[in-house]
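Subject: Structure handover and notes

Dear colleague,

I am passing on the structure we talked about, together with my notes on what turned up when I went through it. Please open it alongside this message, as the notes refer to residues and elements by name.

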Amino acid sequence: MVTLVVATSADPASIGPASSLLAMPGWHPGPSLQDDASYTNKEVRLIKLDKRLVVENHLDKRWEEATGETVDDVVFLSKHVASSNRPALTIHPIGTPHLREGEALTAGGKPGWAAPPNPRIGPWFRLLKNIANSHNLVPEFEVTLEATHHGPEINSPTMFVEIGSTEEYWKRQDAAQAIALLVWEGLGLGERIAVGNWSRDNDRNKILLGIGGGHYVPRHMDIVRKDGVWIGHMLPGYSLLMEDPREAKSPTNSTVVGGTWRETIRVAFETTKLAFPGGEVLAHLDHK
């Protein structure tokens with residue numbers, strides 16, 4: 001079982017942390033994936049691509065077919081874009097469960113789909129806050145979770161780790177080093193044990209499924225800041241699409257609230273259960 005760490009040369013906030021990570025000891029050339037290079041270190045495989053990450057569908061399956069290695073989980077290194085332009089270090093699960101067939105997929109994925117959330121998200125969020133504080137990136141950089149969004153389509157437990165929110169910050173070496181250290185320590189590549197190993201650390205077997213709130217999930221994040229908390233998908237209010245029954249074209253079933261909100265919650269719940277075998281998923285509601 002291996003962990004894939006995925007970077008792309010098309011993104012300075014991706015290749016920067018990857019380069020800093022590869023400068024750390026223990027890396028060796030690995031097998032190529034089509035024409036893309038990879039590097040190995042213990043049970044970690046770092047792949048360097050040259051396309052946008054959100055279009056690199058089924059990377060886990062492609063790796064397994066090319067190498068015979070089973071993929072346990074996936075970590076994508078990426079840039080973060082926000083209208084605020086505020087510098088940020090973010091972590092989030094991926095999926096587009098709220099979209100309907102035929103809707104535009106501007107950032108990958110597919111309608112009604114979500115990847116299993118990587119169980120490391122909660123523990124790594126807390127580790128990233130510690131690293132950012134110790135490297136004096138706070139308060140300039142905000143360390144935050146984000147709601148579930150975008151692709152690529154993949155079946156393994158997955159998360160994105162991002163630097164935002166403009167080109168100036170995507171290229172910041174200190175931010176790149178902080179993300180590299182997160183991956184290094186989080187995957188146990190140094191002298192410490194890995195952080196966020198569900199199969200080892202699941203004595204507290206309750207997992208939060210965040211429902212409601214804004215894109216940066218502040219109320220869900222308040223809970224995840226506490227030690228020992230596991231988090232699965234986080235569904236913002238804008239992804240819980242509802243249709244007012246009073247505006248329905250048909251008078252039948254007029255009390256039923258339409259929209260994709262039920263399916264969105266179902267997909268998020270089922271994939272969170274899949275990512276945390278034996279765990280109990282609890283809904284955490286933000287009524288915003």
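D227 counts as exposed, because its relative accessibility is 63%, and this residue lies in the loop between α7 (218-224) and β12 (230-235). Please keep in mind throughout that this is a predicted model. D227 forms a salt bridge with R126, in which the closest N and O atoms are 3.9 Å apart. Since D227 lies in the loop between α7 and β12 while R126 belongs to helix α3 (residues 121-134), the pair ties together parts that are 101 residues apart in sequence. R126, for its part, is buried, with a relative accessible area of 13%.

The structure holds 15 salt bridges, and one of them joins E153 to K110, with 3.4 Å between the closest N and O atoms. This pair links distant parts of the chain, E153 being in the loop between β9 and β10 (158-165) and K110 in the loop between β7 (95-96) and β8 (113-114), 43 residues apart. E153 is buried, its relative accessible area being 13%, whereas K110, at 35%, is partly exposed. In a further salt bridge the side chains of R62 and E56 meet at 3.1 Å, taken from N to O, and E56 counts as buried because its relative accessibility is 6%, which is under the 20% cut-off. There is also a network of salt bridges, in which E140, R172 and D174 are linked.

Turning to the sheets, eight strands form an open sheet with mixed pairing, and their order is β2-β3-β4-β1-β5-β10-β6-β9. Because β2 (28-29) and β9 (142-145) stand at the edges with a single partner strand each, one side of each is left without a neighbour in the sheet. The pairing of β2 with strand β3 (residues 37-41) is antiparallel and runs over two bridges, and P29 stands opposite Y39 in β3.

Another open sheet consists of three strands in the order β12-β11-β13, and here the pairing is parallel. Its edge strands are β12 and β13 (280-285), each of which pairs on one side only, and neighbouring strands of this sheet are turned by 25° against each other on average, with direction ignored. Strand β11 (residues 206-211) and β13 run parallel and are joined by six bridges, with I211 standing opposite L285 in β13. Helix α8 (residues 261-275) packs on this sheet, where it touches β11, β12 and β13, and the direction of α8 makes about 160° with that of β12.

How do the axes of helices α1 and α5 cross, and what is the angle? The axes of helix α1 (residues 12-22) and helix α5 (residues 173-186) come within 8 Å and cross at roughly 60°, which makes α1 oblique to α5. The crossing of the two helices is right-handed. On the α1 side the contact is made by G16, P17, S20 and L21, and on the α5 side by Q173, A176, Q177, I179, A180, V183 and W184.

Finally, some points of backbone geometry may be worth a look, given that most residues other than glycine have a negative phi, and most peptide bonds are trans. V138 and P139 are joined by a cis peptide bond with an omega of about 15°, and P139 has its place in the loop between α3 and β9. A cis peptide bond also joins G164 and S165, with omega about 10°, and S165 is found in strand β10. H150, although not a glycine, has a positive phi of about 55°; H150 lies in the loop between β9 and β10 and is buried, with a relative accessible area of 12%. V217 is not a glycine either, and has a positive phi of about 40°. This valine is placed in the loop between β11 and α7 and counts as buried at 1% relative accessibility.

Note on methods. Residues are numbered from 1 along each chain as its sequence is written. This is a predicted model: local features need pLDDT of at least 70, side-chain atom pairs count only at pLDDT 80 or more; totals for chains, interfaces and linings use all residues. Side-chain values use heavy atoms; hydrogens and water are left out. Helices (H or I, at least four residues) and strands (E, at least two) are DSSP runs, numbered from the N terminus. Buried means under 20% relative accessible area, exposed over 50%, partly exposed in between (1.4 Å probe, protein chains only). Two strands pair if DSSP finds at least two bridges between them. A salt bridge is a side-chain nitrogen of Lys or Arg within 4 Å of a carboxyl oxygen of Asp or Glu. Axes are lines fitted to C-alpha atoms, for helices over the stretch in contact, and angles run from 0 to 180 degrees between N-to-C directions. Angles under 35 degrees count as roughly parallel, over 145 as roughly antiparallel, 65 to 115 as roughly perpendicular and the rest as oblique. A crossing is left-handed if the near helix is turned anticlockwise from the far one by less than a right angle, and right-handed if clockwise. Contact means heavy atoms within 4.5 Å.
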